[in-house]
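Thank you for making time this morning.

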Amino acid sequence: MAWSAGVPRLPATLAGVAMVLGASTASALDRGAAAPQFELPGKEGAVQLAQFRGKLVYVDFWASWCGPCRQSFPWMNEMQARYGARGLQVVGVNLDAKAGDAHLFLAENPARFTIAFDPAGATPRAYGIKGMPSSVLVGPDGKVLFEHAGFKPADRAGLEQQIRQALGEPK
């Protein structure tokens with residue numbers, strides 16, 4: 001796996017997904033742009049971005065081979081527990097080509113938030129994602145508030161502050 005600025009790049013085994021990701025435009029992630037809609041199979045049925053309209057949605061793109069993704073799951077569980085009642089919904093979009101890899105990861109790293117599966121990589125292509133993990137905060141109006149690439153412990157406070165601000169909480 002190659003690294004760039006602390007963000008793991010997609011491995012060669014996902015070359016097709018990487019090509020798809022590289023072909024996207026950055027305009028989908030412009031602040032204030034409408035977040036690309038998606039409908040994906042999930043752990044508990046279909047997951048649509050539109051079903052969360054009116055909520056603050058933290059969309060996280062992850063894969064089983066991604067080391068920083070293992071670090072981000074406990075934090076996302078914490079954010080869902082802390083801010084879920086105030087309107088936050090975390091949605092993890094898995095990009096593994098093999099469902100078994102994702103399920104093994106989830107057995108080792110339980111998610112207490114919504115999980116969707118996109119083995120074809122259409123959703124990260126629409127979002128212009130180039131590495132994992134990457135996240136996009138979508139406002140209650142369906143518009144992109146910010147994006148973030150990578151995840152390390154030092155990111156936790158800043159990301160939580162973005163969520164708190166988007167929920168209208170004081171700094």
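Let me begin with a question: is tryptophan 62 buried or exposed? Tryptophan 62 is buried, with a relative accessible area of 0%, where buried means under 20% relative accessible area, exposed means over 50%, and partly exposed lies in between, with a 1.4 Å probe and protein chains only.

Before I go further, a word on the source. This is a predicted model, in which local features need pLDDT of at least 70 and side-chain atom pairs count only at pLDDT 80 or more, while totals for chains, interfaces and linings use all residues. Residues are numbered from 1 along each chain as its sequence is written, and side-chain values use heavy atoms, with hydrogens and water left out.

Now the overall picture. The chain has five helices and nine strands, which are DSSP runs numbered from the N terminus, helices being H or I with at least four residues and strands E with at least two. Read from the N terminus, the order of elements is β-β-α-β-β-β-α-β-α-β-α-β-β-α. Of the 171 residues, 50% count as buried, and the chain exposes about 7900 Å², 55% of which is supplied by carbon and sulfur atoms; these accessible areas come from the Shrake-Rupley method with a 1.4 Å probe, and for residues only the protein chains shown count as cover. If we take contacts, meaning heavy atoms within 4.5 Å, between residues at least 6 apart in sequence, 72% of them join residues at least 24 apart.

Let me return to the aromatic residues. The structure holds eight aromatic pairs, and here rings of Phe, Tyr and Trp (its six-membered ring) pair if their centres lie within 6.5 Å, with planes under 30 degrees apart called stacked, over 60 edge-to-face and the rest tilted. Tryptophan 62 and phenylalanine 105 have ring centres 4.7 Å apart and planes at 35 degrees, so this pair is tilted. Because tryptophan 62 lies in strand E5 and phenylalanine 105 in helix H3 (residues 99-108), the pair ties together parts that are 43 residues apart in sequence. Phenylalanine 105 is buried too, at 1% relative accessibility. Tryptophan 75 and phenylalanine 151 form another tilted pair, at 5.6 Å centre to centre and 45 degrees between the planes. That pair links distant parts of the chain, since tryptophan 75 is in helix H2 and phenylalanine 151 in the loop between E9 and H5, 76 residues apart.

Next, strand E6. Valine 90 lies in this strand and is buried at 1% relative accessibility. Leaving aside neighbours within four places in sequence, valine 90 is in contact with Tyr58, Met76, Gln80, Phe113 and Thr114. The side chains of asparagine 94 and aspartate 96 are joined by a polar contact of 2.7 Å. By polar contact I mean a pair of N or O atoms within 3.5 Å; within protein, one must be able to donate a hydrogen and the other to accept it, and residues adjacent in sequence count only if both atoms are side-chain atoms.

In H5 (residues 156-166), Leu159, Glu160 and Ile163 are buried. Seen down the helix axis, the buried residues of H5 fall within an arc of 100 degrees, so they line one face of the helix; the arc is that of the directions from the helix axis to the C-beta atoms. Their packing partners are strands E5, E6, E8 and E9 and helix H2.

The structure holds seven salt bridges, each a side-chain nitrogen of Lys or Arg within 4 Å of a carboxyl oxygen of Asp or Glu. Arginine 82 forms one with glutamate 160, the closest N and O atoms being 2.6 Å apart. That pair links distant parts of the chain, with arginine 82 in helix H2 and glutamate 160 in helix H5, 78 residues apart. Glutamate 160 is buried, at 15% relative accessible area, whereas arginine 82 is partly exposed at 36%. Arginine 82 also forms a salt bridge with glutamate 78, with the closest N and O atoms 2.9 Å apart. Glu78, Arg82, Arg156 and Glu160 are linked in a network of salt bridges.
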